[in-house]
Amino acid sequence: MLTIGSPQLKLLEKLCNAMSVSGDEGEVRRIVLDEVKPYADEVKVDALGSVLVRKQAKGKKSMRVLLDAHMDEVGFMIVKDDGNGFYEFRTVGGIDERHLVGKQVIVGKDHMPGVIGAKPIHLTDAGERSHTVSEDSMRIDLGPEGKAKAGDRATFATKFKRVGPSIMSKSIDDRIGVAILIELLKQAPYDIELCLAFSVQEEIGLRGATVAGYHFDPDLAIAVDSTPARDLPHYDGAENYTYNTKLGLGPAIYPAHSPVISDPRLLKFLQELGAKHKIPYQLRQPGGGGTDAGAIQQVRSGVPVISISVPHRYTHSPISVSRVDDWKNTLNLLHVALQEMTPSLIKSRA
Amino acid sequence: MSDILPFLKSLISVAGLSGDETPAADLIKKQWTPLVDEISQSALASVHGLKRGALKKSLRPSVMIATHMDAIGMMVVRIVDGFIYITNVGGIDARVLPGTPVTVHASGTKEELYGVIAMPPANLLPDGEGSGVVAMKYLFVDTGLTPGEVSKRVRVGDRVSFGTEPIEMSGGTISGHTLDNRASVAALTICLEELQSKSHAWDVLATATVQEETSFGGAYTSGFQLRPTIAVVVDMTFGTGAGASGYQTFPLGKGVTLGIGPSIHPFLYKRFKEVAERVEIPVSDDLMPEYSSTDADALQLIAEGIPTMVVSIPQRYMHTAVELVAMKDIHRAGRLLAEFVASLEADFMERITWD
C-alpha cells in the first residue's frame with residue numbers, strides 16, 4: 001500500500017496554498033513542472049497552458065492511458081480600480097456569493113493581502129439582512145495604498161491545515177488530484193503507456209482537457225478530481241438521501257454524471273479491484289457536476305472514460321474538508337488499476 | 001512613536017468573548033503592570049489599572065478611561081453527528097459567517113479546535129430557506145474531526161471565536177477579528193506609555209471592561225466600584241468603505257472622532273477639541289443623537305451620574321472577522337488621551353459648566 005506521509009502532505013500544502021485561478025495557472029504549473037521533470041519521458045506545456053506528461057510502458061508498445069487532474073481553481077478577477085485601495089471584481093468559476101463577505105483574500109502574483117468587507121450590522125436593518133449581498137456591490141479592499149490592476153487574479157487567503165483525520169484548505173478541488181497524479185508518476189513505469197494531463201480551465205468549461213485529450217489520443221481516460229460530500233445533517237433530523245458522497249468511505253467512483261455515462265467496463269473493473277485489494281470505495285450518486293471526463297470522452301472518435309474523486313465538503317468555499325484516508329485509498333485504487341490494466345479491458349463489450 | 005503593533009497583534013490573536021475575557025485580560029495586565037501603580041480585576045473581571053496623579057490624595061480627582069476588551073463571537077447550542085450548531089454572542093450578521101475560519105474552545109479537553117462555519121445546501125434546509133440568506137440557526141461548525149472525537153471534546157455552552165489571523169495591509173492598516181475594541185485597548189496603552197514622561201494632576205483609572213457587547217455589564221460595575229470623577233470611553237466608529245457611507249462613517253487614517261450627543265458632557269467635548277487643536281491631531285465630530293452604543297451609555301448613569309466623553313477610532317467592517325483599522329489613528333487616539341489627561345487642572349471640576 002502506498003501511504004500519505006510528510007512529503008505527500010507538504011506537496012499538497014504547497015499546491016493548495018498556491019493561487020491558480022482558471023486562465024492564470026502559472027503558480028501550480030511551476031510546481032508541477034518541478035515535480036514531474038525528474039520522472040517523465042516527455043513533458044510539454046500546451047497552447048492553453050496545461051502540463052502534458054508521458055511515461056513509456058515498461059515493455060513494448062502497450063495501450064495508452066490518460067489520467068487527468070485540473071490545476072485551476074475558482075477565484076476572482078479584478079475588473080476595476082475604484083481608487084483608495086478598493087477594487088471591483090468578478091468571480092471566475094462557480095462561487096456562491098454568500099461565501100464572500102467578511103473573507104480574507106490574496107491578490108496578484110505577490111499575494112497582496114486584502115479583504116472583502118461587509119457593511120457593519122449596526123448600519124443595517126432586519127430587512128436588509130434578509131437579502132444576500134450581491135457580488136457587484138462588494139469590493140476587495142487592499143488598504144489605502146493598495147496596488148492592484150484590472151486583470152489581476154485573486155483567491156481566498158485561507159491556508160492549508162492538517163486536522164486530526166482531515167485536511168482543511170481552499171482548492172482541495174483539484175490539487176488533491178494533481179498530487180495523486182504526481183505520486184503515480186513517481187511509482188511508474190507500469191505496463192501501459194501513462195499519459196498525464198495537468199489541465200487548465202476545468203472550472204470554466206473543461207477547456208484544457210478538451211485539447212489535452214485530443215493531443216494524447218488515449219485508449220481510455222480517467223479524470224481524477226474532487227467531488228462534493230454533502231453528508232451533512234438535515235435541519236429537522238430527517239435522513240439525508242442526497243449526499244452525493246460521504247467523507248471516509250473511500251474514492252468516489254462515478255457511474256454517471258450528467259451528461260456523461262461512465263464506460264461500464266471501467267466501472268466494473270475499478271469496483272472489482274477495490275474488492276480484490278480490500279480498498280474501500282463508494283459510488284458517487286449519479287447527478288450533476290462534471291469532470292474533465294466529459295470533454296475527453298468526446299475528443300476525436302471517442303474515448304472510454306470514467307471519473308474517480310476524493311470527496312470534500314463545502315465546494316468552492318474558503319475552506320473545504322477532506323479525509324487523508326480517502327486520499328490514500330484513491331491513490332491506491334488508481335495505482336493497482338494502472339498495475340493490473342491490460343488491453344483486454346476495453347477489447348470486448350461482453 | 002511606540003511600537004504597539006506586536007501587542008495589538010497578540011490581543012487580536014486570542015478570543016476573550018463577552019463573559020470569558022480571561023485570555024485578553026491576562027495580556028492586558030502583563031502590558032499595563034509596568035505602566036501603572038496598582039492593577040487589579042473587578043468581580044466581573046474588568047481590568048483596573050491605577051496611575052496616581054501629582055495632586056495631594058485628598059484633593060485628587062480621577063479620570064476613568066474605559067476600553068472594553070470583550071469580543072463578539074459564538075456559543076455552541078447543540079451538536080449533531082459531530083456538526084456544531086451555534087448562536088451569536090453580541091451582534092453578528094449571519095451573512096458574514098459561511099466559510100469563516102473559527103476556533104472552537106473545547107471545554108471537554110481544554111483544546112482549541114480549528115473549524116469552519118458551513119452553510120448547508122438547500123436540500124437540507126426548509127423550503128425557501130436555501131437560496132437566500134441562511135439563518136444562523138442552520139449554520140454549523142465543522143472541525144474536521146469525527147463525531148466521536150467531537151463529542152469527547154465539545155460541550156453545549158463552549159465558545160467559538162473567529163479564527164482569522166491578524167494581517168498587515170497597505171497604508172499602515174491592520175485587519176483581523178476583535179479590533180473592536182482591542183484597538184482601543186492598544187490606544188489606552190499608548191496613553192499610559194506617554195504619561196510615563198508627562199506630569200498629570202489627576203489619577204488615571206485605566207480600565208478594560210468586560211461584557212460591553214452583551215450588556216455593558218463591565219462598565220456599570222467598574223464605574224460603580226471606581227467612582228471616577230469623569231469618564232472617557234474609547235471605542236470604534238464606522239469607517240467609510242464598501243456599503244458604508246453617510247454621516248455615521250469616517251475615512252480611515254484621517255484622524256479620530258469626538259462624540260456629540262446625550263451621552264457626552266459638552267464641556268468634556270470642548271476640552272478634547274481644544275487639546276486636539278493644540279497638539280494638531282485631526283478630529284471629526286461623531287454625531288450620536290440618542291445613544292452612543294458604547295460603555296458611555298452605562299457610565300453616565302452610575303450613582304449620581306458621571307460626566308462622560310466618547311472618543312472613537314474609525315474602523316471598516318465592524319463585527320466581521322476582517323475588521324480594518326489604521327495604526328495611525330490608534331496612535332492619534334493614544335496621544336490625544338494622554339494630552340487630555342495632562343490638561344486636567346486641579347480645579348477642572350469647578351470650571352465644568354453646561355453653558
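# Reading strands, helices and chain contacts

Me: In what sense do strand S6 (residues 103–107) of chain A and S9(A) pair, and over how many bridges?

Reply: Two strands pair if DSSP finds at least two bridges between them. Strands (E, at least two residues) and helices (H or I, at least four) are DSSP runs, numbered from the N terminus. Here S6(A) and S9(A) pair in the antiparallel sense, over 3 bridges. Within this pair, A:Ile106 has A:Thr155 as its bridge partner in S9(A). This is a predicted model, in which local features need pLDDT of at least 70 and side-chain atom pairs count only at pLDDT 80 or more, while totals for chains, interfaces and linings use all residues. Residues are numbered from 1 along each chain as its sequence is written, and chains are lettered from A and ligands numbered from 1 in the order in which they are written.

Me: Which strand pairs with S9 (residues 153–156) of chain A over 2 bridges?

Reply: Strand S4 (residues 75–83) of chain A does, in the antiparallel sense. Across from A:Phe76 stands A:Ala154 in S9(A).

Me: How many strands form the open sheet of chain A, and in what order?

Reply: In a regular strand the side chains alternate between the two faces of the sheet. In chain A, 8 strands make an open sheet with mixed pairing, in the order S1-S2-S12-S3-S13-S18-S14-S17. Strand S1 (42–45) and strand S17 (282–283) stand at its edges with a single partner strand each, so one side of each has no neighbour in the sheet.

Me: How do S3 and S13 of chain A run, and how many bridges join them?

Reply: Strand S3 (residues 64–70) and strand S13 (residues 220–228) of chain A run parallel and are joined by 4 bridges. A:Leu67 stands opposite A:Ile222 in S13(A). Helix H8 (residues 324–340) of chain A packs on the sheet and touches S3, strand S12 (193–199), S13 and strand S18 (305–312). The direction of H8(A) makes about 160° with that of S18(A). Such angles run from 0 to 180 degrees between N-to-C directions, and the axes are lines fitted to C-alpha atoms, for helices over the stretch in contact.

Me: What span should helix H8 of chain B have, and how far apart are its ends?

Reply: The expected span of a helix is 1.5 Å times one less than its number of residues. For the 17 residues of H8(B) (residues 327–343), this gives 24 Å, and the end C-alpha atoms are 24 Å apart, which agrees.

Me: How many residues of H8(B) are buried?

Reply: A residue is buried if 20 or more other C-beta atoms lie within 10 Å of its own, exposed if 12 or fewer, and partly exposed in between; C-beta atoms are placed from the backbone. Of the 17 residues of H8(B), 15 are buried, so the helix is largely enclosed by the rest of the structure.

Me: How many residues of chain A are in contact with chain B?

Reply: Two residues are in contact if their C-beta atoms, placed from the backbone, lie within 7 Å. By that rule, 53 residues of chain A contact 54 residues of chain B. On the side of chain A that touches chain B, S6, strand S7 (112–116), strand S10 (161–163) and strand S11 (166–169) each supply at least two residues. S7(A) gives the most, with 3 residues.

Me: Where is B:Ala45, and is it buried or exposed?

Reply: Most residues other than glycine have a negative phi, and most peptide bonds are trans. B:Ala45 is not a glycine, yet has a positive phi of about 90°. B:Ala45 sits in the loop between strand S1 (38–41) and strand S2 (47–51) of chain B. With 23 C-beta neighbours inside 10 Å, B:Ala45 counts as buried. B:Lys110 also has a positive phi, about 55°, and lies in the loop between strand S6 (101–106) and strand S7 (111–118) of chain B. B:Lys110 is exposed, with 8 other C-beta atoms within 10 Å.

Me: Which residues does the cis peptide bond with omega near 10° join?

Reply: That bond runs from A:Asp173 to A:Asp174, and A:Asp174 is in helix H4 (residues 172–187) of chain A. In chain B, a cis peptide bond with omega of about 20° joins B:Asp180 and B:Asn181. B:Asn181 belongs to helix H4 (residues 179–195) of chain B.
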